[in-house]
Amino acid sequence: MIIDAHNHIGNRRGRKGQSAEEIIEKMDASGIDQAVVFSYVPYPNNDYIAEAVRKYPDRLIGFAVLDHTKKHPEAELERAICELGLKGLKLDTPTHGFSIDDFRVTGPTFEIANKYHLPVICYCGDNNFVHPYKFAEAAKRYPNINFIMAHAGILFMTSHAIEVCAENKNCYIEISNINACVINDAKNKGVLDHVLFGTDTPFNYFNVMKSCVESALNDEHEKAMVYSENFKRIMAEIQVE
């Protein structure tokens with residue numbers, strides 16, 4: 001089974017997006033069983049995501065996107081989780097100019113995520129807003145949240161992201177747009193159980209990221225961990241009545 005933890009659907013101005021139907025077609029062609037989907041961060045539309053999940057409940061897993069420039073984004077997260085049935089939160093903090101560990105901004109949102117033991121996926125890279133060490137600070141403060149470092153610290157902070165996973169049981173790396181060497185590095189550091197398969201469609205291709213896993217790993221159990229088992233473990237921790 002293959003679960004992809006990072007995909008965008010909906011409308012996006014200035015560059016082509018993809019619909020729910022289009023991603024399902026791509027998944028079928030590439031042997032992807034399920035995919036996490038969310039809006040493009042500048043254009044949040046949690047209702048569209050919920051509608052897509054209702055249409056394809058066995059294929060799509062919906063995460064919410066919030067606009068932290070508006071008042072009380074945490075209220076929208078609660079609605080998305082409790083009313084729309086979404087299962088996590090997607091952030092891209094540089095888009096709106098704040099750091100993941102600027103808890104004056106993210107704190108109320110993270111309180112909701114912590115309450116429901118939600119996964120939070122956020123761009124992680126070599127800039128001051130989303131350095132892997134900032135994920136570590138958030139993970140310590142909100143221990144019930146599983147923080148997913150999208151792109152695993154791309155380009156030059158992948159070793160730091162792996163270090164954060166080794167030191168924080170609620171931190172994970174997601175491998176979209178990185179190479180097979182990072183997967184091997186995570187394996188060698190003993191944190192392969194904190195590696196999640198992801199592609200970042202429509203900006204990348206499922207088969208490209210599958211080839212990275214296949215190049216890095218020979219053992220079928222290890223592949224299963226990355227392809228689905230690690231993500232299933234995260235989802236099993238969610239506590240929404």
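**Around helix 2**

Author: This is a predicted model. The buried residues of helix 2 are covered by elements that include helix 1 (20-30), strand 2, strand 3, strand 4 (64-65) and helix 3 (73-82).

Reader: Why do the buried residues of helix 2 lie on the same side?
Author: Helix 2 spans residues 46-55, and its buried residues are Asn46, Ile49, Ala50, Ala52 and Val53. An α-helix has 3.6 residues a turn, so residues three or four places apart point the same way.

Reader: Which strands stand at the edges of the open sheet?
Author: The sheet has three strands in the order 1-2-3, with parallel pairing. A strand with a single partner has one side left without a neighbour in the sheet, so the edges belong to strand 1 (3-4) and strand 3 (60-62).

Reader: Which residue in strand 3 stands opposite Val37?
Author: Strand 2 covers residues 34-37 and pairs with strand 3 in the parallel sense, over three bridges. In strand 3, the residue opposite Val37 is Gly62.

Reader: How many residues does the largest nonpolar core have?
Author: In soluble globular proteins, nonpolar side chains tend to be buried together. Leu60, Phe110, Phe147 and Ile173 have the most contacts inside the largest core. Beyond its neighbours within four places in sequence, Leu60 is in contact with residues including Ile24, Val37, Ala52 and Val53. A second, separate core of 15 residues includes Ala5, Val36, Val41 and Leu196, while the largest core has 71 residues.

Reader: Is His68 buried or exposed?
Author: His68 sits in the loop between strand 4 and helix 3. The cut-off for buried is under 20% relative accessible area. His68 has a relative accessibility of 12%, so it counts as buried.

Reader: With which side chain does the side chain of His68 make a polar contact?
Author: Setting aside neighbours within four places in sequence, His68 is in contact with Pro73, Leu91, His96, Phe98, Val105 and Thr109. The polar contact, at 2.8 Å, is with the side chain of Thr109.

Reader: How far apart are the end C-alpha atoms of residues 4-230?
Author: UniProt lists residues 4-230 as "domain: Amidohydrolase-related", in an unreviewed entry. Over that range the chain is 44% helix and 15% strand, and the distance between the end C-alpha atoms is 11 Å.

Definitions and conventions: Residues numbered from 1 in each chain as written. Predicted model: local features only at pLDDT ≥ 70, side-chain atom pairs only at ≥ 80, totals over all residues. Heavy atoms only, no water. Pairing = 2+ DSSP bridges. Helix = DSSP H or I, 4+ residues; strand = E, 2+ residues; numbered from the N terminus. Core = buried A, V, L, I, M, F, W, Y, C linked by side-chain atoms within 4.5 Å. Buried < 20%, exposed > 50% of the residue type's maximum accessible area, 1.4 Å probe, protein only. Contact = heavy atoms within 4.5 Å. Polar contact = N/O pair within 3.5 Å; in protein donor to acceptor, adjacent residues only side chain to side chain. UniProt positions renumbered as here; feature names shortened; annotations may be inferred.
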